[in-house]
Amino acid sequence: MPTALRGATQPLGRAAGHAAPVRQILVINAKGGCGKTTIATNLASYYARQGRGTVLIDHDPQGSSMQWLSLRSKEAKPIHGVSAHRPVVSGVTRSFLLRIPDGAERVVLDAPAGVQGHQLIELMREIDAILIPVLPSPIDIHAASRFVQDLLLVAKVRARNIRVGVVANRVRENTKVYQSLEKFLNSLNIPFVARLRDTQNYVRAAETGVGVHDIKRSGAAQDQRQWEALIRWLEQG
Ligand SMILES: Nc1ncnc2c1ncn2[C@@H]1O[C@H](COP(=O)(O)OP(=O)(O)OP(=O)(O)O)[C@@H](O)[C@H]1O
Ligand SMILES: [Mg+2]
């Protein structure tokens, strides 16, 4: 483990009473800055809080998810971090670096922006569900439509039985901007699984390696509710 990550990875405890199969969730979009890391880290901290054996795999060379994990206190529920960009040291294979530890029930993968072609296909291995965060701007919505086409045509997610859901992120009151995307997704039978509002609660949570579910203040209750449909959709699969 590189020095920068020392202490970031906490061992998984025995998952209390759960015998659920491992489920792997990839958070991805070709577009940068749409909320991939925010959603991946919030999802990981949600599952950890539920007592699930949780693994967070950072596929982004920027290492934002692992940076978030390094801020997490020792008292918080453990999340096992895996940096997929660690240089492979001699005697250790890449598959050993990326192994899912015993006790894992939910694996959340944070993808970098701009993934395409072979790398996109590689990332699809073992994935059960994909979440695509989309910001409410025409440019982001156009990019998301193209990315969904890539998932269908290049990554062949349907043939692999991978479920795909879109998350409208940083939503303000006026959500009309999503109408064209919604129509396009409807025609492909791809759902909008959540709408997350634009709030400093995500920024504050990120500062201490937690998620909005860990925030006590009353303003966070609305954000916690917005995750319910997303979690239900993931757990249905
Ligand atoms: N719902 C939200 N409300 C407020 N701020 C948000 C929200 N979602 C994301 N942000 C902020 O937007 C910025 C970009 O988010 P994030 O890093 O999660 O995007 P990303 O898709 O992972 O970016 P990159 O492509 O660089 O990996 C961050 O500063 C984050 O705190
Ligand atoms: Mg990121």
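1. At what angle do helix α5 and helix α6 pack, and how far apart are their axes? In this predicted model, helix α5 (residues 138-153) and helix α6 (residues 179-187) pack at an angle of about 10°, and their axes lie 10 Å apart. Angles under 35 degrees count as roughly parallel, and α5 is therefore roughly parallel to α6.

2. The residues that make this contact can be named on both sides: I141, A144 and S145 belong to α5, and they meet S180, L181 and F184 of α6. Sorted by class, the contact of α5 with α6 has four nonpolar residues and two polar ones, with no charged residues.

3. In soluble globular proteins, nonpolar side chains tend to be buried together. In this model the largest nonpolar core has 58 residues, and V27, I130, I132, V134, V166 and V167 are those with the most contacts inside it. Helix α1 (residues 36-49) supplies the largest share of this core, namely seven residues.

4. Leaving aside residues up to four places away in sequence, V134 touches N29, C34, D140, I141, A144, V166, V167, A168, N169 and L181. Among these, I141 and A144 are also residues through which α5 meets α6, and L181 is one of their partners in α6.

5. Turning to the ligand, there are 19 residues around ligand 1, of which G32, K36, T37, T38 and A113 come nearest. The elements that give two or more residues to this shell are α1, β6 (163-171) and α7 (200-207). By class, the shell around ligand 1 is made up of six nonpolar, nine polar and four charged residues.

6. Most residues other than glycine have a negative phi, and most peptide bonds are trans.

7. Where does N161 lie, and is it buried or exposed? N161 lies in the loop between α5 and β6, and it counts as exposed, with 9 C-beta neighbours inside 10 Å. N161 also has a positive phi, near 65°, in a residue other than glycine.

Definitions and conventions: Residues are numbered from 1 along each chain as its sequence is written. Chains are lettered from A and ligands numbered from 1 in the order in which they are written. This is a predicted model: local features need pLDDT of at least 70, side-chain atom pairs count only at pLDDT 80 or more; totals for chains, interfaces and linings use all residues. Axes are lines fitted to C-alpha atoms, for helices over the stretch in contact, and angles run from 0 to 180 degrees between N-to-C directions. Helices (H or I, at least four residues) and strands (E, at least two) are DSSP runs, numbered from the N terminus. Angles under 35 degrees count as roughly parallel, over 145 as roughly antiparallel, 65 to 115 as roughly perpendicular and the rest as oblique. Two residues are in contact if their C-beta atoms, placed from the backbone, lie within 7 Å. Ala, Val, Leu, Ile, Met, Phe, Trp, Tyr, Cys and Pro count as nonpolar, Asp, Glu, Lys and Arg as charged, and the others, Gly among them, as polar. A nonpolar core is a set of buried Ala, Val, Leu, Ile, Met, Phe, Trp, Tyr and Cys residues joined through C-beta atoms within 7 Å. A residue is buried if 20 or more other C-beta atoms lie within 10 Å of its own, exposed if 12 or fewer, and partly exposed in between; C-beta atoms are placed from the backbone. A residue is near a molecule or strand if its C-beta atom, placed from the backbone, lies within 6 Å of it.
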